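Subject: Structure handover

Hi,

Here is the structure for you to look over. My notes follow below it.

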Amino acid sequence: MKYVSTRGNAPAVSFEDVLLSGPAPDGGLYVPDAWPKLDLAQMRGLGEDYAGLTAAIVSAFIEAPEWRAAVERHARTAYAKFDDPKVAPLRGLEPHRWLLELFHGPTLAFKDFALQLLAPLMNEALERRKARALVVAATSGDTGAAAVAALAGQSHVDLVVLHPKGRISDVQRRQMTTSKAPNVRNVAVEGTFDDAQSLVKQLFADHAFARAQGLAAINSINWVRIAAQTAYYVSACFALGRPALTFSVPTGNFGDVFAGYVAKKLGAPIKKLIVATNVNDILARAIATGVYTRGTVHATMSPAMDIQVASNFERLLYESHGRNAATLRKLMEGFAQSGSLTIAPDALRAIRATFDSDRVDESETTATIKALYEKTKVLIDPHTAVGLAAARKAAPDDDVVVLATAHSSKFPEAVERAAGVRPELPGRMHWILDAPERCDTLPNDLAALKHYIAAGR
Ligand SMILES: *Cc1c(COP(=O)(O)O)cnc(C)c1O
């Protein structure tokens with residue numbers, strides 16, 4: 001098994017290479033060169049061994065036996081940290097609807113599933129290469145916290161996380177700044193999230209600086225993140241035992257829902273995948289009209305889905321255009337120039353055979369949180385509410401599993417406004433509320449950030 005670029009102009013690489021890489025050198029994304037078929041019956045035999053299931057699935061994409069063993073070992077450690085023995089438990093909500101609770105990890109959002117596994121694997125790859133990496137990330141909340149929790153204490157990786165000063169919630173900030181790990185540094189940038197992200201992009205664009213500092217990213221286009229997330233789709237199918245299940249997936253960068261597509265490719269009995277978006281609906285529009293056009297970003301109460309373009313969508317475009325890299329190259333070059341691309345009719349038909357989409361606005365999101373709480377006393381976060389509202393609209397009669405991507409207490413203000421009660425932080429997290437914080441403040445200035453990074457190592 002090798003990995004090839006969706007744009008076809010980069011050499012095929014190994015699992016160890018994709019572990020450590022962002023985009024392929026030709027600007028495309030790495031995908032496996034063929035889809036393995038899983039022996040689902042044998043996997044069902046793993047029962048409730050969630051780590052074993054993840055290891056089996058991720059290993060189907062790995063040739064090297066030593067990396068298969070490493071995945072198994074690190075998956076055991078990673079998922080033992082979750083606070084539910086089932087790791088990704090299901091909760092029945094109403095007839096034909098379940099929540100798949102993906103918030104039992106260290107930072108209360110689904111990003112832990114991928115990063116808790118990716119971080120030690122990256123560290124091991126660096127160790128073998130006798131190299132170090134400096135991961136630099138900008139965050140509007142969930143990714144930064146998950147990265148801090150996953151990379152804290154890794155021997156061959158340092159982490160600098162930038163967040164916009166005063167613009168993330170106290171819980172989100174404290175999840176990062178209360179880390180005691182010496183290899184983690186937090187920076188509050190005097191600016192917006194876009195300012196922080198732009199600083200990070202400029203850092204990486206300075207190739208000499210990036211090389212000298214060993215800069216690395218752990219962004220959502222990393223293949224290993226997607227492979228790891230595939231496991232909870234399969235485990236939900238096993239647990240419910242239906243002949244066909246639909247999943248509704250609160251979507252931003254299209255990484256999570258693409259993992260559902262991978263699960264279907266591997267043979268899981270998945271009927272449809274609902275791409276649930278907030279008002280930043282580039283994907284809903286693309287699936288409805290066949291035209292994928294960049295929009296402007298609107299801030300919503302589900303900030304992890306406030307995106308302009310959905311990077312991982314390129315992987316689905318590649319699949320649906322018959323894995324034709326030349327076609328993809330043309331499409332993506334056109335998109336870079338004009339901000340728009342048109343999906344070929346056959347490809348759109350193929351996409352619609354598996355994907356549905358719905359856009360959920362702010363008032364529907366609020367109403368969904370409120371009505372569910374009044375009926376069942378279950379509190380859901382705004383991202384999950386987008387998924388539930390889209391499920392009811394797009395697939396009223398199907399058996400639908402809604403991915404609960406974050407715990408309600410990560411977004412206490414929005415949830416309290418909607419439901420009238422404030423969600424409680426789980427007891428295991430209470431310590432962050434009065435632990436000392438470590439954070440440096442920097443102006444929105446590239447030279448200052450470079451100086452800070454260079455001085456710290
Ligand atoms: C990151 C995130 C999403 C979006 O996931 P993608 O893989 O980017 O589509 C949805 N909900 C929450 C809570 C997130 O943190």
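**Ligand site**

A polar side-chain atom of Thr-405 sits 2.9 Å from a nitrogen atom of the ligand. That is a polar contact (a pair of N or O atoms within 3.5 Å; within protein, one must be able to donate a hydrogen and the other to accept it, and residues adjacent in sequence count only if both atoms are side-chain atoms). Asp-142 brings a side-chain N or O atom to 2.7 Å from an oxygen atom of the ligand. Gly-255 uses its backbone: an N or O atom there lies 3.3 Å from a ligand oxygen. Taken alone, the ligand exposes 390 Å², and the protein buries 96% of that. Those areas come from the Shrake-Rupley method with a 1.4 Å probe; for residues, only the protein chains shown count as cover.

In total, 15 residues surround the ligand, each with a heavy atom within 4 Å of it. The closest are Lys-111, Asp-142, Gly-252, Asn-253 and Asp-256. The shell divides into six nonpolar, six polar and three charged residues. Here Ala, Val, Leu, Ile, Met, Phe, Trp, Tyr, Cys and Pro count as nonpolar, Asp, Glu, Lys and Arg as charged, and the others, Gly among them, as polar.

**How to read the model**

This is a predicted model: local features need pLDDT of at least 70, side-chain atom pairs count only at pLDDT 80 or more, and totals for chains, interfaces and linings use all residues. Residues are numbered from 1 along each chain as its sequence is written, and side-chain values use heavy atoms, with hydrogens and water left out.

**Overall fold**

The protein chain has 19 helices and 15 strands. These are DSSP runs numbered from the N terminus: helices are H or I with at least four residues, strands E with at least two. The radius of gyration is 21 Å, close to the 23 Å that the globule rule gives for 457 residues, so the chain is as compact as a globular protein of that length. The radius is taken over C-alpha atoms, and the rule is 2.2 Å times the number of residues to the power 0.38. The C-alpha trace spans about 60 × 50 × 45 Å along its principal axes. Buried residues make up 60% of the 457. Buried means under 20% relative accessible area, exposed over 50%, partly exposed in between (1.4 Å probe, protein chains only).

**The open sheet**

Five strands form an open sheet with parallel pairing, in the order S8-S5-S6-S7-S15. Its edge strands are S8 (215-216) and S15 (440-443), each pairing on one side only. Two strands pair if DSSP finds at least two bridges between them. S6 (residues 157-164) joins S7 over six bridges, with Val-160 opposite Arg-185 in S7. Four bridges link S7 (residues 184-190) to S15, where Glu-190 faces Pro-443. Six of the seven residues of S7 are buried, so S7 is largely enclosed by the rest of the structure.

S3 (residues 90-94) and S4 (residues 97-101) pair antiparallel over four bridges. Gly-92 stands opposite Trp-98 in S4. Two residues separate the strands of this hairpin, and His-96 in the turn has a positive phi of about 70°.

Thr-230 is in helix H10 (residues 223-240). Thr-230 is buried, at 0% relative accessible area. Its side chain reaches the backbone oxygen of Ile-226 at 3.1 Å. Ala-454, in helix H19 (residues 446-455), is partly exposed at 39%.
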